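Try each task before reading its solution.

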There are 2 protein chains.
Amino acid sequence: MGTAPAISPSTPRSSILDIAVRLFGSQGYTGTSMRDIAKAFGVLPGSLYAHIDSKETLLVEIVETGINHFLEAVEPIAAAEGSAGMRLRDAIRAHIIVVTENPERSLVVFHQWRFLGDDYREAAIAKRQRYERAFIRILEDGIAEGVFDQSLNVRIAVLTILGALNWTPEWYSPKGTASPAEIGDMMANMLLRSLMFKG
Amino acid sequence: MGTAPAISPSTPRSSILDIAVRLFGSQGYTGTSMRDIAKAFGVLPGSLYAHIDSKETLLVEIVETGINHFLEAVEPIAAAEGSAGMRLRDAIRAHIIVVTENPERSLVVFHQWRFLGDDYREAAIAKRQRYERAFIRILEDGIAEGVFDQSLNVRIAVLTILGALNWTPEWYSPKGTASPAEIGDMMANMLLRSLMFKG
DNA sequence: CCTACCGATCGGTAGG
DNA sequence: CCTACCGATCGGTAGG
């Protein structure tokens, strides 16, 4: 009955995208040639174009779906019921889960969006701002609740938190001793404390 | 008497390096051509090589002197007298000053070192680890003093702090309302609190 | 998916 | 600092 659960169908196109994520993440977009991708895919360069339109199409798709993963994980948490403290903790944990489930994709999302064409780049920037607003909302709620320090500069506080979170793909290794959940908990502990009153 | 104070002599070579910092920072090393640099310098591509050896030499010099700025600012603070709390505050402020005095150079130091040749890349990684150790030392001192939470994972705490600090060139603008000193103070306030005991 | 190829651009050099 | 150029590599295409 019904259709098969079409979870990650390993089409040639999706395989090429996975390879592009890996190579764009480690060598950068401009440092990766279509010949690099073709070689890793096991095909001659011209043959790639039976499956994809262009190099930039690969970047567009990786960055857009990558940002969407973050938005889909965090926006519902920001809008949920519950204390700002709990929501911030959940948002940080969710962010770290998304980063660590594909650190190379995260590197592309964080650093390679600059190489998108104008329209796609502006769309990516708009989504990143939407993402920041989810955190701004939680912080403002927490200040209104009286649990976060009301003397905080909310913008800088959010950029400090997101900076700490967005740096994780630079050092995270699945072979490390700390699991993504543990890392998320530790960072949430620290970053929540960073917003509290002294007293 | 004596020699003139040879502060930043504007040689052709140093001008080319400044241009390379700007372009490598905004377009990346692999996304910048020697023709881009020559055009910005106002010369034809081949003429650059009267002043420099190669494209990679530019990157080596930018990354090495860039890392040295951070080390020279923070290592003396880590080794100084005084409480861990004070030293961490000073180290964070010093880091932000170094980042903001040249955000583009900071972007190159943080993200373009991957494109160095093997030997230079390993040297850069070794220096980055030395930099992390300066912060590890301060945190361990603070835990020994009993002022930082002894249940902290020191490695992850340092990477959280450095992540927040290293993200600043992504958003800092000299035209913003907060000065580098103010940004450094705010981040130091947050990050110091993040290490404290709950009680 | 391969063969064969396109024009453009790359880092860099020789000679003046 | 320019003229003139090198071989290598780039993203991408036509035709099968």
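**Exercise 1.** How do the residues of the surface near DNA strand D divide into nonpolar, polar and charged?

*Solution.* A word on the ground rules: this is a predicted model, where local features need pLDDT of at least 70, side-chain atom pairs count only at pLDDT 80 or more, and totals for chains, interfaces and linings use all residues. Residues are numbered from 1 along each chain as written, chains are lettered from A and ligands numbered from 1 in the order written, and side-chain values use heavy atoms, without hydrogens and water.

Step 1: sort by type, with Ala, Val, Leu, Ile, Met, Phe, Trp, Tyr, Cys and Pro as nonpolar, Asp, Glu, Lys and Arg as charged, and the others, Gly among them, as polar. The surface has six nonpolar, six polar and two charged residues.

Step 2: A polar backbone atom of A:Met34 is 2.8 Å from one, and a polar backbone atom of B:Leu44 is 2.9 Å from one. For B:Ser47, a side-chain N or O atom lies 3.0 Å from a phosphate oxygen.

**Exercise 2.** Find which residues lie nearest the centre of the largest cavity.

*Solution.* Step 1: the largest cavity has a volume of about 290 Å³.

Step 1: by type, the lining has nine nonpolar, 14 polar and three charged residues.

Methods: A polar contact is a pair of N or O atoms within 3.5 Å; within protein, one must be able to donate a hydrogen and the other to accept it, and residues adjacent in sequence count only if both atoms are side-chain atoms. On a 1 Å grid over the protein atoms alone, a cavity is a set of points where a 1.4 Å probe fits but cannot get out, and a pocket is an open set with protein on both sides within 12 Å along at least five of seven lines; lining residues have an atom within 4 Å of a point. Grid points are joined across faces, edges and corners, and a volume is the space filled by probe spheres set on the points.
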